[in-house]
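I opened a new page for this one and wanted to get my bearings before anything else. These are my notes, in the order I looked things up.

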Amino acid sequence: MLRWPVTDLDDHYATLDVDPDAGPDEVRAAWRFLITAFHPDRFRDPDQRDRAEEVTKRANAAWHVLGDPGRRGRYDLGRRRPYVPPPEPGPPLRRLPCPSCATRCRVTDPGGRTVDLVCPACGDSFAAMIGARCVGRPRLERRWLGMRHQAVFADARGERRSVEFRRLPAELALAEGELMSVVFSPRRGRPVYAIVHDGTLDVGWRVG
Ligand SMILES: [Zn+2]
């Protein structure tokens with residue numbers, strides 16, 4: 001009775017059931033055996049026929065690579081190399097201007113949380129809310145010192161923080177869902193810069 005080859009799908013040598021150091025004649029004989037023995041026309045049962053077609057397809061794919069010395073050489077090189085999974089994509093880097101000297105600092109996005117930073121150029125420490133989502137459009141509210149734009153942001157965990165802007169440039173839409181950072185002044189904690197993150201582009205406006 002004919003055995004259905006059980007093979008490692010990704011390994012051409014396993015498909016042909018030959019050793020990796022098998023010579024060209026042995027590889028060719030193994031391939032010829034499979035495509036003859038598993039020729040789909042030999043099977044009436046539809047399931048068996050499908051499996052035979054699959055075996056033939058894999059045998060031909062293996063032969064395409066192992067039957068050609070150049071392709072086989074390259075395949076052997078890749079086969080010996082252990083599989084290394086690609087690195088997990090880390091959090092993006094944001095470029096934020098220092099509120100004191102405007103030097104742009106590269107900071108790992110903490111997912112909308114507010115963190116304390118130290119400017120590498122001037123040494124001032126300041127707070128920044130980095131990578132938060134804008135929740136709805138800002139509302140204009142009357143305060144005892146005048147009007148304020150009240151905007152609400154959410155971090156990656158859904159925690160909300162409201163920020164008051166004394167002025168907002170017209171270009172800064174603060175649209176719903178927009179990914180943003182806000183840099184606060186070192187002493188009074190007022191917003192100084194608002195930065196919109198659009199893909200890899202960071203666009204900042206002075207807001208205080
Ligand atoms: Zn600085």
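**Entry 1: what I am looking at.** I noted at the start that this is a predicted model.

**Entry 2: helix H2.** I began with H2, which covers residues 24-37 and so has 14 residues. From its first C-alpha to its last I get 20 Å, close to the 20 Å expected at 1.5 Å a residue. Next I asked myself which residues of H2 are buried. I wrote down Val27, Ala30, Trp31, Leu34, Ile35 and Ala37. A reminder to myself: an α-helix has 3.6 residues a turn, so residues three or four places apart point the same way. Then I looked up what the buried residues of H2 pack against, and found helix H1 (12-16), helix H3 (46-66) and helix H4 (69-80).

Entry 3: I picked Glu26, which is found in helix H2. Is Glu26 buried or partly exposed? Its relative accessible area is 45%, so I put it down as partly exposed, the class between 20% and 50%. I also checked Glu26 against Ala132: they are 106 residues apart in sequence, and their C-alpha atoms are 62 Å apart in space.

**Entry 4: helix H3.** I turned to H3 and its 21 residues. At 1.5 Å a residue they should span 30 Å, and the end C-alpha atoms are 30 Å apart, which agrees. For its buried residues I listed Ala52, Val55, Thr56, Ala59, Ala62, Trp63, Val65 and Leu66. The buried residues of H3 pack against H1, H2 and H4.

**Entry 5: H2 against H3.** How do H2 and H3 pack, I wondered, and at what angle? I read an angle of about 160°, with the axes 9 Å apart. Angles over 145 degrees count as roughly antiparallel, and H2 and H3 are therefore roughly antiparallel to each other. Their crossing is left-handed. On the H2 side I noted Val27, Arg28, Trp31, Leu34 and Ile35, which meet Val55, Thr56, Ala59, Asn60, Trp63 and Leu66 in H3. By class, that contact has eight nonpolar, two polar and one charged residues.

**Entry 6: H3 against H4.** Here the axes come within 6 Å and cross at roughly 100°. That makes H3 roughly perpendicular to H4. I found His64, Val65 and Leu66 of H3 in contact with Arg71, Arg72 and Tyr75 of H4. Sorted by class, the contact of H3 with H4 has three nonpolar, one polar and two charged residues.

**Entry 7: Arg71.** I stayed with Arg71, which lies in helix H4. At 33% relative accessibility it counts as partly exposed. What does Arg71 touch, not counting residues up to four places away in sequence? I found His64 and Val65. Arg71 and Arg32 are 39 residues apart along the chain, and 19 Å separates their C-alpha atoms.

**Entry 8: a loop residue.** Last, I looked up Asp109, in the loop between strand S2 (104-108) and strand S3 (114-118). At 10% relative accessibility, Asp109 counts as buried, because buried means under 20%. Leaving out residues up to four places away in sequence, Asp109 touches Pro91, Pro92, Arg94, Ile130 and Gly131.

Methods:
Residues are numbered from 1 along each chain as its sequence is written. This is a predicted model: local features need pLDDT of at least 70, side-chain atom pairs count only at pLDDT 80 or more; totals for chains, interfaces and linings use all residues. Side-chain values use heavy atoms; hydrogens and water are left out. Helices (H or I, at least four residues) and strands (E, at least two) are DSSP runs, numbered from the N terminus. The expected span of a helix is 1.5 Å times one less than its number of residues. Buried means under 20% relative accessible area, exposed over 50%, partly exposed in between (1.4 Å probe, protein chains only). Contact means heavy atoms within 4.5 Å. Axes are lines fitted to C-alpha atoms, for helices over the stretch in contact, and angles run from 0 to 180 degrees between N-to-C directions. Angles under 35 degrees count as roughly parallel, over 145 as roughly antiparallel, 65 to 115 as roughly perpendicular and the rest as oblique. A crossing is left-handed if the near helix is turned anticlockwise from the far one by less than a right angle, and right-handed if clockwise. Ala, Val, Leu, Ile, Met, Phe, Trp, Tyr, Cys and Pro count as nonpolar, Asp, Glu, Lys and Arg as charged, and the others, Gly among them, as polar.
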